[in-house]
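Dear colleague,

Please find the structure below, handed over for your records. My notes on what was found in it follow directly after.

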Amino acid sequence: MHIVLIPCTTHPTTLPLKPNSKLQIKISPIMSSSSSSSSSSSPSNLPLKPIPGDYGMPLFGAIKDRYDYFYNQGRDNFFKIRMEKYQSTVFRTNMPPGALIAPNPKVIALLDAESFPILFDTTKVAKRDVLDGTYMPSTAYTGGYRMCAYLDPSEPNHATLKRYFASLLASKHNQFIPLFQSSLSDLFPKLEEQISKDGKADFNSLSDDMSFNFVFELFCGQSPSKTTLGSKGPSLVTLWLFPQLAPQITFGLPKFLMFAEDFLLHTFSYPAFLVKPAYQKLYDAVYESAGSALDLAEGNFGISREETCHNLLFLAGFNAFGGMKVLFPALIKWVASGGGNLHRQLRNEIRTVVKESEGTITFSALDKMTLTKSVVFEALRIEPPVPYQYGKAKEDIVVHSHDATFEIKKGEMIFGNQNFVGKDPKVFENPEEFVGNRFVGEGEKLLKYVYWSNGRQADDHPTAENKQCAGKDLVVLMSRLMLVEFFLRYDTFTVDSGTVLLGSSVTFKTLTKAS
């Protein structure tokens, strides 16, 4: 799953968000992506070692690893135990779901900042149908079409769809700040109302409503409340997403229920007709509302209105809304963990800069908020919204970790886990701690090891040859705006946090208005 996958063009295009602004969404010209891969060649001083680990007995080995991953060890401990066992950050294992959903669960795991970037090099790694890992949901979920996110850059339709979405985004860029501000202005009063009424507030549900309204209006040109969707959009998208992502989740039920849950979630694929009514409602709303977006695709890019509508819905629902369901709760959770001292520093920086810009939040003003920017990058480092990346080796390749080199054979599936890569102790000091100012000053140099966008935060740019999230600057922009608007209204806050399916859950306990 990708966040706000707003694809790029094959021509040099820069989408300026404001005159004289440094913050921009850049769509780079085609270039060799091999330059961004630190693993395409190995240092001569590192030993070449066989990749440790094994896949166990056919079928049973994959089932055992699946139970370890979901129930016996847990997602993080599953990898920690194997790293310690093999004394290596590169090893062989099975990844869920296996069995009847994914015929081949075998992967080579890369869990360090040195080996991981090979997954960015699409000259060496194929990205066809690997968005969700070792399986791909039926195209019946998307009207019979393979969406852009599932296409490898070598496929002709990939570049066409990217050019279209880049053009659509260019026509919307002046709406980014005012539209997101409007969406947030609806969120915060509801947050206050819930806390006043119940003594607490479920941030996830409020954030989901805000995110869906923003995404739908950005791409379709009107509020979903003015369509047949009304207020049901978020629940309909969640219903549509669930069977596609079910093989990756667990409800955290008591252990005596794990066999039943595993059978229901991880053993077979759910047929798309179960959620077809929900999808059809979403499709009809987009088709009726996004006339100008469909005209652009048909007239300028030769893409049928039907295919465009399915891709637009996937972009808005799966990529953007699905990503924001994870992004914003994680951001708030980690900022809350920083406590009163971090909150004081953030509000002082934000209010000072906004005052200097005469009360207006501009792109240039946002760029001056160095601590706010660092906090966003730190949240993306410590809890990336898309932690897993997959790719299949196009040829025999050699990757290197900090300690050794390894040969991966053509056709083998490569898996990277950013929950470990972003906490590589040989790159980041105190990697398990949330350090708000980690990327301030000299710390900016570490941004080349922040990979949340399926590319380096520093240096790398989306091209037609790679799968880096072309909306990475928009994601950072929205995250900064979330913090800016929050700390203009409030001084500090506290939350309870937990886990929910594929992300964090956040419940506000206290909220202190700006003094």
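In this predicted model, helix α2 lies across β3, β7 and β10 and runs at about 130° to β3. Contact here means heavy atoms within 4.5 Å; axes are lines fitted to C-alpha atoms, for helices over the stretch in contact, and angles run from 0 to 180 degrees between N-to-C directions. Helices (H or I, at least four residues) and strands (E, at least two) are DSSP runs numbered from the N terminus.

Residues are numbered from 1 along each chain as its sequence is written. Local features need pLDDT of at least 70 and side-chain atom pairs count only at pLDDT 80 or more, while totals for chains, interfaces and linings use all residues; side-chain values use heavy atoms, with hydrogens and water left out.

The strands β3, β7 and β10 belong to an open sheet of 5 strands with mixed pairing, in the order β3-β4-β10-β7-β5. Two strands are taken to pair if DSSP finds at least two bridges between them. At the edges are β3 (90-94) and β5 (125-126), each of which pairs on one side only. Within the sheet, β4 (residues 106-110) and β10 (residues 413-417) are parallel, with 3 bridges, and Ile-108 stands opposite Ile-414 in β10.

Other strands pair in the antiparallel sense. Strands β8 (residues 397-400) and β9 (residues 405-408) are joined by 4 antiparallel bridges and by a hairpin of 4 residues; Ile-397 stands opposite Ile-408 in β9.

Turning to helix packing, α11 (residues 339-356) and α13 (residues 370-382) pack at an angle of about 130°, with their axes 8 Å apart. That makes α11 oblique to α13, because angles under 35 degrees count as roughly parallel, over 145 as roughly antiparallel, 65 to 115 as roughly perpendicular and the rest as oblique. In this contact, Leu-342, Gln-345, Leu-346, Glu-349 and Ile-350 of α11 meet Thr-370, Leu-371, Thr-372 and Val-375 of α13. These residues divide into 5 nonpolar, 3 polar and 1 charged (Ala, Val, Leu, Ile, Met, Phe, Trp, Tyr, Cys and Pro count as nonpolar, Asp, Glu, Lys and Arg as charged, and the others, Gly among them, as polar).

On a 1 Å grid over the protein atoms alone, a cavity is a set of points where a 1.4 Å probe fits but cannot get out, and a pocket is an open set with protein on both sides within 12 Å along at least five of seven lines; lining residues have an atom within 4 Å of a point. Grid points are joined across faces, edges and corners, and a volume is the space filled by probe spheres set on the points.

The largest pocket has a volume of about 940 Å³. Its lining comprises 40 residues, of which Arg-75, Pro-387, Asn-419, Leu-502 and Gly-503 lie nearest its centre. The lining residues divide into 23 nonpolar, 10 polar and 7 charged.

The whole structure holds 7 cavities of 30 Å³ or more. The second largest cavity has a volume of about 60 Å³, and its lining has 9 nonpolar, 1 polar and no charged residues. Helices α5 (203-220), α8 (276-289) and α10 each supply at least two of the lining residues.

Yours sincerely
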